[in-house]
Amino acid sequence: IEMLPQIIVASTCILITLYGVFRKNRVFFNLGYFVYGLIVVFSEINFYLQSQEVIHIATASLWLIQSSLALPNKLPYDGSKIAKSAGIKIYICLSIINLYGIFIVRASGIPDLVSYFHVILAILPVIAIYLILNNKIEITKR
């Protein structure tokens with residue numbers, strides 16, 4: 001019950017990310033990861049303040065990296081090799097971070113439901129990579 005507000009916000013983040021996938025809109029896709037990452041950061045800092053366990057600072061740092069990687073921007077996607085390469089690298093990192101999230105949830109007192117959020121957030125970047133590699137992302141001009 002005490003995590004209910006976080007679960008509602010996290011669910012909303014996942015829905016925003018899913019919307020981004022279906023609309024092939026990276027701003028919404030990234031927004032979901034950005035906000036979700038911030039939720040984890042603040043939650044882990046709170047856990048650290050309660051327990052003084054360093055793993056919480058390490059976990060907060062990892063999701064701060066996720067938020068940094070997913071910082072939404074409206075830069076045009078030009079389909080260049082550099083844009084594709086950067087997108088693929090970023091999405092691989094988002095996937096790896098959330099695979100770790102599955103592990104950390106299972107090893108802690110966080111409700112198992114949250115691990116399913118991380119499963120979804122680990123799979124969605126793979127879909128984004130598929131879209132990039134198969135030129136399914138609309139090229140935009142400035």
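Modeller: The 26 residues of helix H2 should span 38 Å at 1.5 Å a residue, and because its end C-alpha atoms are 37 Å apart, the two values agree. The expected span used here is 1.5 Å times one less than the number of residues in the helix, and helices are DSSP runs of H or I with at least four residues, while strands are runs of E with at least two, both numbered from the N terminus. The model is predicted, so that local features need a pLDDT of at least 70 and side-chain atom pairs count only at pLDDT 80 or more, whereas totals for chains, interfaces and linings use all residues. Residues are numbered from 1 along each chain as its sequence is written, and side-chain values use heavy atoms, with hydrogens and water left out.

Within H2, the buried residues are Phe29, Asn30, Gly32, Tyr33, Tyr36, Gly37, Ile39, Val40, Val41, Ser43 and Glu44, where buried stands for under 20% relative accessible area, exposed for over 50%, and partly exposed for what lies in between, with a 1.4 Å probe and protein chains only. These buried residues of H2 pack against H1, H3, H4 and H5, a contact being heavy atoms within 4.5 Å.

Phenylalanine 29, with residues up to four places away in sequence not counted, touches Ile16, Thr17, Gly20, Val21, Tyr91, Leu124, Pro125 and Ala128. Between the C-alpha atoms of phenylalanine 29 and tyrosine 19, which are ten residues apart along the chain, the separation is 7.1 Å. Tyrosine 19 belongs to helix H1 and is partly exposed, because its relative accessible area is 41%. Asparagine 30, also in helix H2, counts as buried because its relative accessible area is 7%; with residues up to four places away in sequence not counted, Asn30 touches Ala70, Leu71, Pro72 and Tyr91.

The nonpolar side of this picture is given by the largest nonpolar core, which has 30 residues, and those with the most contacts inside it are Phe29, Tyr33, Tyr36, Trp63, Tyr91, Val114 and Phe117. Such a core is a set of buried Ala, Val, Leu, Ile, Met, Phe, Trp, Tyr and Cys residues joined through side-chain atoms within 4.5 Å. At least two residues of this core come from each of H1, H2, H3, H4 and H5, and H5 supplies the largest share, seven residues.

What remains is the empty space. Rolling a probe the size of a water molecule over the atoms shows where such space is left. On a 1 Å grid over the protein atoms alone, a cavity is a set of points where a 1.4 Å probe fits but cannot get out, a pocket is an open set with protein on both sides within 12 Å along at least five of seven lines, and lining residues have an atom within 4 Å of a point. Grid points are joined across faces, edges and corners, and a volume is the space filled by probe spheres set on the points.

By this rule there is one cavity of 30 Å³ or more. The largest cavity has a volume of about 180 Å³, and of the 19 residues that line it, Met3, Tyr36, Val40, Ser43 and Val114 lie nearest its centre. H2 gives the most to this lining, with six residues, although H1, H2, H3, H4 and H5 each supply at least two. The lining of the largest cavity divides into 13 nonpolar, five polar and one charged, with Ala, Val, Leu, Ile, Met, Phe, Trp, Tyr, Cys and Pro counted as nonpolar, Asp, Glu, Lys and Arg as charged, and the others, Gly among them, as polar.

The largest pocket holds about 480 Å³ of space, and of its 25 lining residues, Arg26, Asn30, Tyr77, Gly87 and Tyr91 are the closest to its centre. Helix H4 contributes the largest share of that lining, five residues, and by class the lining has 16 nonpolar, six polar and three charged residues.
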